[in-house]
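Hi,

Here is the structure I promised to pass on. Have a look at it first, and then read on for what turned up.

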Amino acid sequence: MFMFSRSICCAKLNQLSTFETLFSNLKLRPYATPLIGPLQTCESRIYSREKAEYANVNWDELGFALTKTDYMYVMNFTEEEQKFFNGTLTRFGNIEMCPSSGILNYGQGLFEGLKAYRKEDEGILLFRPQENALRMKMGADRMCMPSPTVDQFIDAVKKTVLANKRWVPPYGRGSLYVRPLLMATGRNLGVKPSSDYTFLVYASPVGNYHKGDLNLMVEDNVHRAIPGGTGGIKAVTNYSPVYKPLTEAKAKGFSDLLFLDALTGSNIEEGSACNIFILKGNVISTPTTHGTILPGITRKSIMEIASDFGYQVEERAIQIKEVFDAEEVFCTGTAMVVKSVASITYQGKRIGYKLGAETLAQKLHATLTGIQTGLIEDKLGWTTLID
């Protein structure tokens with residue numbers, strides 16, 4: 001029904017003569033045949049009239065791992081065109097690129113992460129996609145890369161979600177994680193910015209990022225970021241350098257690492273993929289994002305919600321010794337949303353924290369996910385209905 005309806009739309013609107021014409025400009029070649037993407041108006045009418053169809057997935061067993069979905073979105077920037085153009089949906093699959101491409105040789109690349117949520121009425125909501133688009137533009141400027149416009153970014157995300165809508169979990173049973181990638185794909189043997197770039201968006205249904213209690217170990221030998229580096233953007237090169245200490249920590253039974261600042265070694269910064277907050281009385285504190293800490297979109301949202309709850313929210317330098325007399329500690333991120341920290345271990349000393357339904361973290365989690373899934377009225381304009 002889906003493909004038949006799309007064919008009718010294509011024939012009536014006569015927007016493209018052949019699939020080959022559309023795909024001939026792509027520098028990054030997926031192995032599969034592309035699916036034409038511009039017919040959004042006709043698609044939207046079809047989608048809205050059909051009852052939600054779901055993929056054959058055990059939604060209750062979802063973790064945070066890749067499940068191959070149906071389609072991905074690809075758009076290219078070339079030296080000749082000097083802009084991103086001819087974006088299209090194509091079957092999810094492997095891609096080809098030159099061995100000397102900038103992403104493979106020099107790590108010139110960025111990624112983003114956001115989620116699509118199913119509402120109770122089976123509609124689909126995106127959460128603050130414009131924030132991801134703006135953050136990618138900021139990162140691209142730092143990495144000397146062109147980036148899609150905000151409209152191009154959001155359009156690509158919407159089309160990717162709609163094309164994979166059967167993979168959006170039912171209400172309350174997970175979300176569709178969307179991963180936009182910006183990669184240097186031009187041929188480049190020397191150390192210099194690439195000439196060609198590819199913007200690619202794929203998606204996967206996911207469940208909880210961390211199952212069970214969140215127990216952190218403070219890492220005081222390896223630093224995630226340094227002043228003047230790329231810690232404040234989602235550069236692809238930020239993550240693999242922490243694999244070694246993270247693997248060692250997990251072998252000891254810890255869930256994640258908590259990194260310290262590289263200058264003094266005494267201030268907390270963030271986890272391997274999450275921001276951190278501490279609660280004392282009516283004051284919620286989180287480290288300032290000054291170039292070494294990623295300005296998380298979930299972090300930003302939680303700060304606004306907590307302020308509305310009447311808490312005093314502050315961004316400042318937080319010394320490691322302060323975590324030992326905190327009432328609560330919790331982490332935030334797109335993947336984990338909001339999660340209480342059960343314990344932090346530093347130089348052999350372990351401190352436990354309040355957990356359970358009465359924690360502030362749980363209240364914040366319930367409010368944020370309520371907004372994300374349409375259960376709570378979105379008075380801040382954070383969500384975008386795409387179905």
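Before anything else, one term: a residue counts as buried when its relative accessible area is under 20%, and as exposed when that area is over 50%. Also keep in mind that this is a predicted model.

First, the whole chain. The protein chain holds 9 helices and 20 strands. It has 387 residues, and 55% of them count as buried. If you take the contacts between residues at least 6 apart in sequence, 72% join residues at least 24 apart.

Now to one strand, β7, which covers residues 114-118. How many of its residues are buried? The count is 5 of 5, so by that under-20% cut-off β7 is mostly covered. Leu114, Ala116 and Arg118 point one way from the strand, while Lys115 and Tyr117 point the other way, and the residues on both sides are buried.

Which strands does β7 pair with? One is β9 (residues 175-184), in the antiparallel sense and over 3 bridges; there, Ala116 stands opposite Leu176. Another is β8 (residues 124-127), again antiparallel and over 3 bridges, with Arg118 standing opposite Ile124.

Cheers

Conventions. Residues are numbered from 1 along each chain as its sequence is written. This is a predicted model: local features need pLDDT of at least 70, side-chain atom pairs count only at pLDDT 80 or more; totals for chains, interfaces and linings use all residues. Side-chain values use heavy atoms; hydrogens and water are left out. Helices (H or I, at least four residues) and strands (E, at least two) are DSSP runs, numbered from the N terminus. Buried means under 20% relative accessible area, exposed over 50%, partly exposed in between (1.4 Å probe, protein chains only). Contact means heavy atoms within 4.5 Å. Two strands pair if DSSP finds at least two bridges between them.
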